[in-house]
Amino acid sequence: MNTLIETLEQTQTLPDADLLALITDEREDVRLELSRRADRVRRQWYGADVYVRGLIEFTNYCKNDCFYCGIRRSNCKAERYRLTAEQILDCCDLGWELGYRTFVLQGGEDPWWTDEKVCALVRRIKTAHPDCAVTLSIGEKPRESYAAYRAAGADRYLLRHETANEVHYRYLHPEPLSCANRKRCLRDLKELGFQVGAGFMVGAPGQKPEHLLEDLRFLQELQPDMIGIGPFLPHNDTPFRDEAPGSFLLTLRLLSILRLMFPRVLLPATTALGTIHPLGRELGMQAGANVVMPNLSPVDVREKYKLYENKICTGDEAAQCRSCLERRMERVGYRVVVDRGDVKKIQEK
Ligand code: SAH
């Protein structure tokens, strides 16, 4: 433990071998010490505040065929849906009443949603709720599309890099997707002035500890404002149906390592984490996370946006999700705030 304490002081500058040792250390006392330190760092920047994002899953049509994902093109069992702009705006209005000041529009890569339609939607949301941030999570696009979304008023973009290793990337995604293009997207998004979120699944099929090390190094290079991680969970109608789910405890350790390496980063305790363990999001908070993304989608489409099996909260109305989350967070010593929840800049500390 003593050498570990010294190691933790310098998480941001650890050499590869030491960082790898930290990632793979399965001792429970090490995990708890990581958690304590991560929570201390999180509180230095964000206190006990939890930022909430209203997640609107607005289309499950997708032209991609990612091997892990339940809404992949080849899954003909997926019942496809697409919300109308009016339905999405209704979600935002309800969300605003409930105290959300960030709306995340997430979907498959749906060609029906052209750049013009996306931009018009973003403008309508920003006009209706100028005090709110709009986050897009709609996959890989040409730089010009991202520039158009930004000009329309989008503030943030979530695009997990999934894995920084090219060979592993190919194992998870068929052509024409590529690791190089995914990284190009993230760099374009940063240059265009978005607050950018990257991230990866923990325990994705074929993932080795060395890949996680590469992920952390890629994140250090990119310096994103947000990092989304959650355990891989198999979906029955995908080629990875028989693969083992990712490890819950490894996900918690990685959350803590990320908090120590990126003290100010926005770090969600994800739905996948809440799915793999009944107190996943609470334990995620205690491990260094500071964001949760409750579902704002209409209840009748939630089952259909199924990336993996057993997804939680598919039956609850938006208001129920919100108050449930508030109580859960309070029980472990945190407080949901009404705030856009932008990343803290150094001078704001
Ligand atoms: N089309 C958008 C949104 C993808 S869904 C995009 O490409 O960014 C958001 C995230 O869910 C993905 O980035 C992926 O990391 C995660 N995800 C997909 N399938 C999953 C699974 N089976 N288990 C856990 N997470 C999954």
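This is a predicted model: local features need pLDDT of at least 70, side-chain atom pairs count only at pLDDT 80 or more; totals for chains, interfaces and linings use all residues.
The sulfur of Cys-324 has its closest cysteine sulfur in Cys-313, 6.2 Å away, which is too far for a bond.

**Cysteines**
- A disulfide is a covalent bond between the sulfur atoms of two cysteines.
- Cys-321 counts as buried, because its relative accessibility is 1%.

**The sheet and its helix**
- Three strands make an open sheet, ordered E8-E1-E9, with parallel pairing.
- Strands E8 (291-292) and E9 (335-337) stand at the edges with a single partner strand each, so one side of each has no neighbour in the sheet.
- Strand E1 (residues 49-52) is joined to E9 by three bridges, and within E9 the bridge partner of Val-50 is Val-336.
- Lying across E1, E8 and E9 is helix H14 (residues 318-331), which runs at about 135° to E9.

**The nonpolar core**
- The largest nonpolar core holds 107 residues, and those with the most contacts inside it include Ile-56, Ile-88, Leu-105 and Ile-125.
- Helix H10 (residues 248-261) gives the most to this core, contributing nine residues.
- Setting aside neighbours within four places in sequence, Ile-88 is in contact with Ile-56, Phe-58, Leu-83, Leu-105, Trp-113, Leu-121 and Ile-125.
- In soluble globular proteins, nonpolar side chains tend to be buried together.

Technical notes. Residues are numbered from 1 along each chain as its sequence is written. Side-chain values use heavy atoms; hydrogens and water are left out. Two strands pair if DSSP finds at least two bridges between them. Helices (H or I, at least four residues) and strands (E, at least two) are DSSP runs, numbered from the N terminus. Contact means heavy atoms within 4.5 Å. Axes are lines fitted to C-alpha atoms, for helices over the stretch in contact, and angles run from 0 to 180 degrees between N-to-C directions. Buried means under 20% relative accessible area, exposed over 50%, partly exposed in between (1.4 Å probe, protein chains only). A disulfide is a pair of cysteine sulfur atoms within 2.5 Å. A nonpolar core is a set of buried Ala, Val, Leu, Ile, Met, Phe, Trp, Tyr and Cys residues joined through side-chain atoms within 4.5 Å.
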